[in-house]
Amino acid sequence: MSPTRESPVPLVVDQLIDDRRTRIIVCCGSGGVGKTTIAAAVGLRAAERGRHVVVLTVDPARRLAQSMGLTSLDNTPRPVTGVRTGGAAPGTMHAMMLDMKRTFDEIVESHADPDRAAQILANPFYQSLSSSFAGTQEYMAMEKLGQLRRADEWDLIVVDTPPSRSALDFLDAPQRLGRFLDGRLLRLLVAPARFGGRTGMKVLNAGFGMVTGVVTKIIGSQLLRDVQTFVSAMDTMFGGFRERAEYTYRLLRAPGTAFLVIAAPEPDALREASYFVERLERDGMPLGGLILNRVHRSPAARLSAARSLAAAEMLQGLTESESSELGITALRLHAERMRQADSERRLGRRFTAAHPLVPVAQVPAQPDDVHDLHGLRVVGAAFGPDGQP
Ligand SMILES: Nc1ncnc2c1ncn2[C@@H]1O[C@H](COP(=O)(O)OP(=O)(O)OP(=O)(O)O)[C@@H](O)[C@H]1O
Ligand SMILES: [Mg+2]
């Protein structure tokens, strides 16, 4: 059946995870839409269907982390207990929390000799960059993904992405960090330190003296010195950073990768999802599909909002007993729920009209937060062929 404006192509996530050629699934989307939850649910479902999975999470809620055996931020994949691994070829699940600072330190240690590495790690500028520069977390998530892939211990890596304002940050961060480290301002700043010596300084003084003078006023001389030593120490690593970013980009473009774009059925999240889908296409990155998370459905969907409200009005006019009060409240709540479901459906249809070929899966809103393996399993039920609209 060809897709129409009304009905999207169903996304059956199980097909994706059962296909052994799928090696990386990246869950992205704007803030708070359920990336971490869906990544964990995909990981669990895949392990319970026989895959050897590692889930790389970023900042999971504490109870969810605990349920996956993650009690400390140590950048190490931990086995998840409680995974149901029946069948002839039982799967396994590991999970880890991304420690951004530790990952950055590891890169420095693997690229610089021990003295230089120690110098960089102790540099206050490095310390603030490695823990707070916008984009560092995204970059480090990519870096960690590259490391996990190289380790080749798992046949499926599920990646959660950082809580960025915009989903696109994840794709832009490595370049942005590269630009920053390569940046002309930093190169200018480092120049005096590199040229050193009297002749060098004489040549440089006229131009750079002015630049560094202004910069010193803005950021202070101690910080300027920190920046200079940091950048000259990092200089040897520029190539390394770029190479690694390119390696990860290649991984993301490879046929074994699938992006799942997660969105709540709300205008802002779906707008972000649209941008992201278009960007993936432009960058030649493989899109698995859209997951609409926290969708509201009503078990009594045959009673429309309008009829429900009309019934409430009628009851109101008839009696004033306590039980009819209750009935009226229930009818109004139902009407509200139906309105919400209608508006979510409309938004979904609008997305599909703009992107008719993007497969869509829907994950119902659970009554409570998803914080244990049972909850993840319930979410994962939407990944089968029956879970779809
Ligand atoms: N289908 C669902 N039903 C009910 N609650 C859900 C569902 N999906 C996610 N949640 C809850 O919503 C909250 C946010 O989810 P989650 O942490 O996965 O979002 P996120 O996109 O990773 O957020 P951030 O951008 O901050 O990283 C959590 O408390 C989670 O338990
Ligand atoms: Mg998250």
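**View 1. Strands S7 and S8 side by side.** Strand S7 (residues 287-295) and S8 run parallel, with five bridges joining them; two strands pair if DSSP finds at least two bridges between them. Helices (H or I, at least four residues) and strands (E, at least two) are DSSP runs, numbered from the N terminus. One contact to look for is Leu-292, whose bridge partner in S8 is Gln-362. Because four of the five residues of S8 (residues 360-364) are buried, the strand is largely enclosed by the rest of the structure. Buried means under 20% relative accessible area, exposed over 50%, partly exposed in between (1.4 Å probe, protein chains only).

This is a predicted model: local features need pLDDT of at least 70, side-chain atom pairs count only at pLDDT 80 or more, and totals for chains, interfaces and linings use all residues. Residues are numbered from 1 along each chain as its sequence is written, chains are lettered from A and ligands numbered from 1 in the order in which they are written, and side-chain values use heavy atoms, leaving out hydrogens and water.

View 2. Ala-305, Ser-308 and Ala-312 are the buried ones to spot in H14. Seen down the axis, the buried residues of H14 fall within an arc of 65°, so they line one face of the helix; the arc is that of the directions from the helix axis to the C-beta atoms. Over on the other side of H14, Ala-306, Arg-307, Met-314, Gly-317 and Leu-318 are exposed.

**View 3. Thr-352 and Pro-8.** Thr-352 is found in helix H15 (residues 322-354), and counts as buried at 1% relative accessibility. The C-alpha atoms of Thr-352 and Pro-8 are separated by 5.9 Å, although the two are 344 residues apart along the chain.
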